[in-house]
Amino acid sequence: MRDFMARGGGHIDPDTVVSAGSWEAALRAAGGVVEAVEQVATDRLDSAFCVVRPPGHHATPDRAMGFCVFNNVAIAAEWLLANQHAQRVAILDYDVHHGNGTQDAFYSRADVLYVSTHQYPFYPGTGFWRETGAGPGEGYTINLSLPSGSGDDVYSAALDQIIAPAVRRYAPNFILVSLGFDAFWADPLASLRLSIGGAYTPLLRSARELAASLAGGRLVVALEGGYNLDALAHAAEAICHVLLGEDPPPDPLGPPPDQLNLAEVQPLLDAIRALHHLV
Ligand SMILES: [Zn+2]
């Protein structure tokens, strides 16, 4: 990657373009999240929200793809484990796309619980709910492959029925969140239906509460996707309030104009819960 960028860069794939300046940016993105987890692990910060670019969750251990060069969150998780700051790390991926790179990095390992909610079928094509890990990692990958149109109601049920119970059962020492605002209801690239007040705020409030009860409060959030600039701005502000233990201001962008009825998705949630023995 360094040599490719030093020669001026170009297209890695149709989505992923780099230039001579990308090496420094990609190092700072990955290094920024590592710095944040070190500060939190050593009690110099309570929590952190890393507004980094490029994002990371599509980057596999040996391939840049999908706007991502290095997998910032996966590298930070590995750093925590390698330096004995944690024995079990939970990664919650709330980007609208499946974090195939993060899944790949830890698919055969039990020391990282990877939980992803994403639109399915959709880019990058992975993350079907029956993908659950392999070998010693069996059961430590939880994919919620949700149909287009899923919104606040589906996410609220998914949080209560699957995500929070799975994290509590795993009892991580550290929680990382791959936070993409591209599941917002007006995002131009995708078609889930999350609002800031009805989904992003409760998802992050829950992550903070889980971290407080299980992991000594240790929580680091890193930005992944998000292509509606108003949503990016207001949701990022709301998340900062949540991390500070404050109530965010009223959601200026409001609830989704439409969303799937929970009843249409509940059978899928039931199947995922049964597969992961969360009943
Ligand atoms: Zn995304």
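**View 1. Lining of the largest pocket by residue class.** The lining has 8 nonpolar, 3 polar and 4 charged residues. Nonpolar means Ala, Val, Leu, Ile, Met, Phe, Trp, Tyr, Cys and Pro; charged means Asp, Glu, Lys and Arg; the others, Gly among them, are polar. The model is predicted: local features need pLDDT of at least 70, side-chain atom pairs count only at pLDDT 80 or more, and totals for chains, interfaces and linings use all residues. Numbering runs from 1 along each chain as its sequence is written, and side-chain values use heavy atoms, without hydrogens and water.

**View 2. Centre of the largest pocket.** This pocket (an open set of points on a 1 Å grid over the protein atoms alone where a 1.4 Å probe fits, with protein on both sides within 12 Å along at least five of seven lines; lining residues have an atom within 4 Å of a point) holds about 260 Å³ of space. Of its 15 lining residues, Asp46, Ser47, Arg208, Gly217 and Leu243 lie nearest the centre. Helix α6 gives the largest share of the lining, 3 residues. Helices are DSSP runs (H or I, at least four residues), numbered from the N terminus. Volume is the space filled by probe spheres set on the points, which are joined across faces, edges and corners.

**View 3. The second largest pocket.** About 200 Å³ of space lies here. Among the 16 lining residues, Thr60, Pro61, Asp62, Asn71 and Ile75 lie nearest the centre. Helices α3 (72-82) and α4 (100-106) each supply at least two lining residues. By class, the lining has 10 nonpolar, 3 polar and 3 charged residues.
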